[in-house]
Amino acid sequence: MDGRRRLAEPLKRVRQAGRKQSAPAAGGRRARAGKRRHDQLHQFAEFAARFTTEPVGRLVRRLLLPVIHVRLPRGSGIAASVLLVVATVTYGVVRGGHMPQIVGWATDLRDAGANALGFRIAAIALAGQKQVSREEILATAGVTGRTSLLFLDADTARRRLKSNPWIADATVLKLYPDRLQVEVTERQPFALWQKDGRVAVVADDGTVLEPYVARRFTSLPLVVGIGAEVRAKEFLSLVGRYPEIRDAVRSSVLVAERRWNLRLKNGIDIRLPETEIEHALDTLVSLDREKKLLSRDITSIDMRLPDRVTVRLSDAAAQAREDALKPKTAKRKGTDA
């Protein structure tokens, strides 16, 4: 203070001077920190070069010297830390299998917002379903009570519906603001297919509809063997032209994916040829009408050769035939004597 009790200099001017002095001090701290980093990297380069061969040492110095002079922008450390945390969390979510839960949570949040704006699905019209229930159709299409019409992907819902083996085709229409129309075309159960001791319901194109047999499907024709489910439609349609044979068949067996055998309900096996099946069936029907062949005590009928039909008698029929021939043979020998 001067003699008149006043400050020698204004306080504002003193504060400005303090700021001017502190700025160089802060700049000096940054410069010293940069110099320390520079010295540490330089020492590391020299250390690495000292304990390696000369070519490797030159390579180390060549790689580290550009790094020494790099000046990172302010906040780069914080950004790197944030990226590390995000990467760690993402890895943990993926590794732990929590991604579906997170996606589902985000989808529900999105649908909730759309429903609040008036795009909630208020009415659903279904058509064409018979074997598949309404609940199964909606669940397969991904439609729940929280789904909004705005964010429902009709193409995705259609593809998901066609993934059901019962559904051959599907149509999904969004009728804004709150109506959904779904129409499905179902496959029809055609036959029962047995493979490796297991029986499944199949469609006429070979698609397995159910891996088990419900009671309502027990009257379907039975086909057996690898590939039989695909070739059943053509073969069964051919056999269906002969009602007397069709009604007597218990199962149709595809042998080595080449030809068919018919197992009748009375236990007779009919071995059909690879080709000209229709001609073989015509011959079989004629023999049955003339000779009552399918009603006789036989075990198999071999029709694989085009010029002959081979019949195998059952054990009882063979024994009876042998017994019937013995007296005739003995009498003929006595007459000759």
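**Terms and their grounds**

Author: In the protein chain, residues 24 or more positions apart account for 46% of the contacts with a separation of 6 or more, a contact being heavy atoms within 4.5 Å. This is a predicted model, in which local features need pLDDT of at least 70 and side-chain atom pairs count only at pLDDT 80 or more, while totals for chains, interfaces and linings use all residues. Residues are numbered from 1 along each chain as its sequence is written, and side-chain values use heavy atoms, with hydrogens and water left out.

Reader: How many helices and strands are in the protein chain?

Author: The protein chain has ten helices and twelve strands. These are DSSP runs numbered from the N terminus: helices are H or I with at least four residues, strands E with at least two.

Reader: Why is the pair of F119 and Y176 called edge-to-face?

Author: The structure holds three aromatic pairs. In one of them, F119 and Y176 lie 6.2 Å centre to centre with 85° between the planes. Rings of Phe, Tyr and Trp (its six-membered ring) pair if their centres lie within 6.5 Å; planes under 30 degrees apart count as stacked, over 60 as edge-to-face and the rest as tilted. The angle of 85° therefore makes the pair edge-to-face.

Reader: What parts does the pair of F119 and Y176 tie together?

Author: F119 lies in the loop between α4 (99-116) and β1 (123-127), and Y176 in the loop between β2 (167-175) and β3 (179-186), so the pair ties together parts that are 57 residues apart in sequence.

Reader: Are F119 and Y176 buried, exposed or partly exposed?

Author: The relative accessible area is 23% for F119 and 48% for Y176. Buried means under 20%, exposed over 50% and partly exposed in between (1.4 Å probe, protein chains only), so F119 is partly exposed and Y176 is partly exposed.

Reader: What makes F235 and W260 a stacked pair?

Author: Their rings are 4.3 Å apart centre to centre, with 5° between the planes, and the pair is therefore stacked. F235 lies in helix α7 (residues 228-239) and W260 in strand β9 (residues 259-264), so parts 25 residues apart in sequence are tied together. F235 is buried, at a relative accessible area of 4%, and W260 is buried at 3%.

Reader: Why are α5 and α6 called oblique to each other?

Author: Helix α5 (residues 134-141) and helix α6 (residues 154-162) pack at an angle of about 125°, with their axes 8 Å apart. Axes are lines fitted to C-alpha atoms, for helices over the stretch in contact, and angles run from 0 to 180 degrees between N-to-C directions. Angles under 35 degrees count as roughly parallel, over 145 as roughly antiparallel, 65 to 115 as roughly perpendicular and the rest as oblique; α5 and α6 are therefore oblique. The contact is made by I137, A139, T140 and A141 of α5 and A157, R160 and L161 of α6.

Reader: How do you know that α7 is roughly parallel to α9?

Author: The axes of α7 and helix α9 (residues 277-291) cross at roughly 30° and come within 11 Å, which makes α7 roughly parallel to α9. F235, L238 and V239 in α7 meet I277, E278 and L281 in α9.

Reader: What makes S148 count as buried?

Author: S148 has 0% relative accessibility and therefore counts as buried. S148 is placed in the loop between α5 and α6. Not counting residues up to four places away in sequence, S148 touches D111, A114, N115, F119 and I121.
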